[in-house]
Amino acid sequence: MLNIKKNKFLHSTVLALLGLGLLAQSPAHAEDETAGYVESDLRIWIPGKAHPNEAEGQIWNKIQRLENTLGYRGYWSTDFAGATADLKLVFFGGSQVVDLEQLTDRTLIDGYRLESDALYVEFYDFLIEGLDLRLGRQIVEWGSADQFNPTNPVNALDLEDPIKFGDRVANEMAVLTWTAPWYIEGDNGTLFDEFTLSGVAVPVFRTGVIPESGLVAFQNTELLASQANSPSLEAMASLAPAFAGAGGEFVFDVDTKTPGLLGQNVQYGAHMGMNLLGVSLGFMYYKGFSDVPYPAKLRPVITEPDRGYALDDGEIVPGGSLKDLFGLIQGVELKDLGSLAGLISTQEDLVRGSIVTSEIELQFPRIQMAGGHFSTSLDFLGGMGLWGEVALYMHEELSLELDLTEFLGYADTEITLEGGAFVK
């Protein structure tokens with residue numbers, strides 16, 4: 001007997017194969033479109049206002065990107081079903097080999113990746129006239145803007161390429177849309193038409209894609225403290241210059257905790273659209289998760305070589321460790337850590353070679369969004385377009401669990417952002 005999980009998979013597979021089978025068996029296609037393309041993307045840094053510093057790796061003619069893409073787009077349909085595929089095979093220049101054994105791995109020598117912006121089946125007039133069901137990997141288009149849509153949190157943002165800022169990451173979902181078969185005519189034209197109601201369910205949470213520069217926010221003590229809005233982290237960050245100056249090192253171990261495949265983590269939303277007096281209007285609601293992670297837990301851990309130092313009435317003597325140094329200020333208020341920074345600076349023999357590893361856990365908080373958008377053309381300005389969007393985002397309270405046991409002898413939880421709402 002199949003278990004529940006296998007039953008769900010079997011049901012989805014049969015439904016997808018049924019849709020493709022309907023297309024293959026249809027004697028006449030209402031519309032078929034296929035297209036392929038090859039794209040080569042070469043980017044080279046050129047000199048800016050600052051003079052290049054080759055000693056620090058700032059070389060003006062560095063190749064920033066070299067990608068060659070083979071793309072394929074296809075759309076097949078009958079009178080009652082359709083399928084869409086948008087696939088990319090991307091080869092990127094540069095080897096990922098870092099040791100001798102990896103010279104045997106072709107995927108590291110000649111790197112590539114497979115992307116897909118669409119891979120779904122859809123059924124027209126599903127159950128009733130005007131009701132369409134779309135299942136599979138897709139990008140939902142909400143909002144009226146060309147690129148960046150604050151009213152569209154359904155698909156996470158792809159921020160990896162600054163030139164294509166605002167692109168979105170496709171995700172597996174189900175979209176059910178009803179289009180009204182009626183409209184209202186007036187003496188001077190159509191008053192009301194294209195009324196649609198749409199519901200979307202996203203069972204799988206997919207994160208956004210961040211650029212390489214985005215790593216700095218979680219791997220730099222001062223930036224992390226600023227982003228987390230944490231007084232405790234700001235105080236600890238003030239110790240970093242003295243610790244590094246005395247020969248210590250900071251490293252970061254950053255983990256992300258994404259929402260699991262659970263029923264309570266299914267994201268969903270609804271959209272209503274229409275044309276009213278020549279103005280295209282849309283109203284939407286969505287409940288899901290932020291596609292940008294926030295720090296939720298932090299635990300600094302000290303690792304040091306055995307030097308044989310100890311504390312004797314507050315003085316550093318042979319036979320102890322760096323933890324004894326931090327033990328001097330256990331119980332001291334965070335705002336008074338300036339004296340510790342001075343003490344660290346004077347204890348180079350004790351600090352040199354020590355490593356502080358910041359174990360960080362990032363989480364994706366829950367959000368809700370309600371918004372609206374409009375677009376129209378102004379006849380008295382020659383048909384110039386006018387559009388606008390506004391979205392109200394409601395979010396839960398964000399907190400940061402701090403385990404400062406090795407530094408200050410205690411753990412604490414700080415509220416980094418109170419629950420509330422903001423407008424985009």
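Colleague: Does Tyr 393 count as buried or exposed?
Modeller: The model is a predicted one. Residues under 20% relative accessible area are classed as buried. The relative accessibility of Tyr 393 is 7%, so Tyr 393 counts as buried.

Colleague: How many aromatic pairs are found, and how is the pair of Tyr 393 and Phe 422 classed?
Modeller: Searching the whole structure gives ten aromatic pairs. For Tyr 393 and Phe 422, the ring centres are 5.6 Å apart and the planes lie at 10 degrees. Planes under 30 degrees apart count as stacked. The pair is therefore stacked.

Colleague: Which parts of the chain does this pair link, and how many residues apart are its members?
Modeller: Tyr 393 belongs to strand E19 (residues 384-395). Phe 422 belongs to strand E22 (residues 420-423). The pair thus links distant parts of the chain, its members being 29 residues apart.

Colleague: Which charged residue sits over the ring of Tyr 393?
Modeller: A charged end is positioned over this ring, 4.8 Å from the ring centre. The residue that carries this charged end is Lys 424.

Colleague: Is Arg 65 buried or exposed, and with which side chain does the side chain of Arg 65 make a polar contact?
Modeller: Arg 65 is part of strand E2 (residues 63-77). Its relative accessibility is 10%, so Arg 65 counts as buried. Leaving out residues up to four places away in sequence, Arg 65 touches Asp 41, Leu 42, Arg 43, Glu 160 and Asp 161. The polar contact of its side chain, at 3.1 Å, is with the side chain of Glu 67.

Methods
Residues are numbered from 1 along each chain as its sequence is written. This is a predicted model: local features need pLDDT of at least 70, side-chain atom pairs count only at pLDDT 80 or more; totals for chains, interfaces and linings use all residues. Side-chain values use heavy atoms; hydrogens and water are left out. Rings of Phe, Tyr and Trp (its six-membered ring) pair if their centres lie within 6.5 Å; planes under 30 degrees apart count as stacked, over 60 as edge-to-face and the rest as tilted. Helices (H or I, at least four residues) and strands (E, at least two) are DSSP runs, numbered from the N terminus. Buried means under 20% relative accessible area, exposed over 50%, partly exposed in between (1.4 Å probe, protein chains only). A charge sits over a ring if NZ of Lys or CZ of Arg is within 6 Å of the ring centre and within 35 degrees of the ring normal. A polar contact is a pair of N or O atoms within 3.5 Å; within protein, one must be able to donate a hydrogen and the other to accept it, and residues adjacent in sequence count only if both atoms are side-chain atoms. Contact means heavy atoms within 4.5 Å.
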